[in-house]
Amino acid sequence: MSIDAVPARSVDYNRVFAQAIDRLHEEGRYRVFIDILRNKGQFPNARCFAGHNGPKPITVWCSNDYLAMGQHPAVIAAMEEALHDVGAGSGGTRNIGGNTHYHIDLENELADLHDKEAALLFTSGYVSNEATLSTLARILPGCIIFSDELNHASMIAGIRHSGCEKRVFRHNDLAHLEELLAAEDPAVPKLIAFESVYSMDGDVAPIHAICDLADRYNALTYLDEVHAVGMYGARGGGISERDDAASRLTIVEGTLGKAFGVMGGYIAADRTVIDVIRSYAPGFIFTTSLSPVLVAGALASVRHLKASPTEREGQQAAAATLKALFADAGLPVMDTTTHIVPLMVGDPVKAKRISDILLREYGVYVQPINYPTVPRGTERLRFTPGPAHDTAMMHELTAALVEIWGRLELRKAA
């Protein structure tokens, strides 16, 4: 039979794509992005456009703008001033036209915040993790990265893209980490990558103990502080500042899009490490730099939070109040020592249904957290109360959840 006689088999691409989406629906973890607009100066109040003839007023309970700095007058004023001073965009990569004075000033402020010699800006926290971890491991021949099992997807991506060997240690398990470190050749470069605040469980890493192991086994350390910068420490330097551990860390990574309320990511370290990442990381070199408008806003936010503990104190008080209200009502609130307030559901379909009822009937916006963000069977609602969430809002939220728990016959806390 000639080649021409063989019937061609074509791929039904649309069918493959549709099946992939169908699987997510069947598992109850299809992601729906809620169409909202925040009301300037009135956070957590916002407007929701999903499923309504007109915008419906809602209260946002799941924002990572933890301190409402995205609404702060000083931040908005700085962004408006920059917009009218230099225009909208940066004009290019940092190497070609995009290295503005705003960028230099912010990097200096961030280096000072973390007691480091230098800092480097990226377009997001995801990019800073992926670019830095992948580049470091490529620069260090034979490097092995030791990664906490609950590290963020961006850290996992960076480790994977580095092509180096990795060892995953059980979450915050120092004995397991030491066992893995001790099993390797002492002459092999090693890097321990971990987070300070784990955003889904709300627990904290033992930074000093991990640094002790790093010292013992001659390993570098990489700490992701994205859910802690601005939030902890006398000046908002994160858990590493609060615990007086910043000087022991090789690299501190953070974000400008959560507590600082704007956008972007960064690393802080000694000048040589920063220069290596600046010179070798494709995720830094080949992308347009952050708009100076965004950088100006972030700069104003960092400077404000360095001097003001008010927002941090208000946020911590709000988190403590909401945890107590949930616990007193018998709701299955997870025990955390941080600002994260997770409510365990344990089923993706039920988590989505609770979220839908809250939005539709109570004007409460909180997204369900499902696999792969958390392990299967641990699906939850993740609340992030801030200084602008008042006690009346918290009581109304708690009452709504109690009603829904009863309506759906869900299990309460033991």
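Biologist: Which residue forms a salt bridge with Arg 248?
Modeller: This is a predicted model. Arg 248 lies in the loop between helix H8 and strand S9, and its partner sits in helix H7, so the pair ties together parts 36 residues apart in sequence. The closest N and O atoms are 2.7 Å apart, and the partner of Arg 248 is Asp 212.

Biologist: Is Asp 212 buried or partly exposed?
Modeller: Buried would need under 20% relative accessible area, and exposed over 50%. Asp 212 has 36%, so Asp 212 is partly exposed.

Biologist: Which lysine meets Glu 109 in a salt bridge?
Modeller: Glu 109 is in helix H3, and the lysine is in helix H11, 197 residues apart. Glu 109 is buried at 18%, and the lysine counts as buried at 13%. Their N to O distance is 2.6 Å, and the lysine is Lys 306.

Biologist: How many disulfides does a search of the whole structure find?
Modeller: A disulfide needs two cysteine sulfur atoms within 2.5 Å. The sulfur of Cys 62 is 11 Å from its closest cysteine sulfur, in Cys 48, so that is too far for a bond. Cys 164 is in no disulfide either, with the sulfur of Cys 143 5.2 Å away. The count of disulfides is zero.

Biologist: Which helices give two or more residues to the lining of the second largest pocket?
Modeller: The second largest pocket has a volume of about 190 Å³. Its lining includes Ile 104, Glu 107, Phe 284 and Ile 285. The lining divides into four nonpolar, two polar and three charged residues. The helices are H3 and H10.

Technical notes
Residues numbered from 1 in each chain as written. Predicted model: local features only at pLDDT ≥ 70, side-chain atom pairs only at ≥ 80, totals over all residues. Heavy atoms only, no water. 1 Å grid on protein atoms, 1.4 Å probe; cavity = no way out; pocket = protein on both sides within 12 Å on 5 of 7 lines; lining within 4 Å. Points joined across faces, edges and corners; volume = space filled by probe spheres on them. Helix = DSSP H or I, 4+ residues; strand = E, 2+ residues; numbered from the N terminus. Nonpolar A, V, L, I, M, F, W, Y, C, P; charged D, E, K, R; others polar. Salt bridge = Lys/Arg side-chain N within 4 Å of Asp/Glu carboxyl O. Buried < 20%, exposed > 50% of the residue type's maximum accessible area, 1.4 Å probe, protein only.
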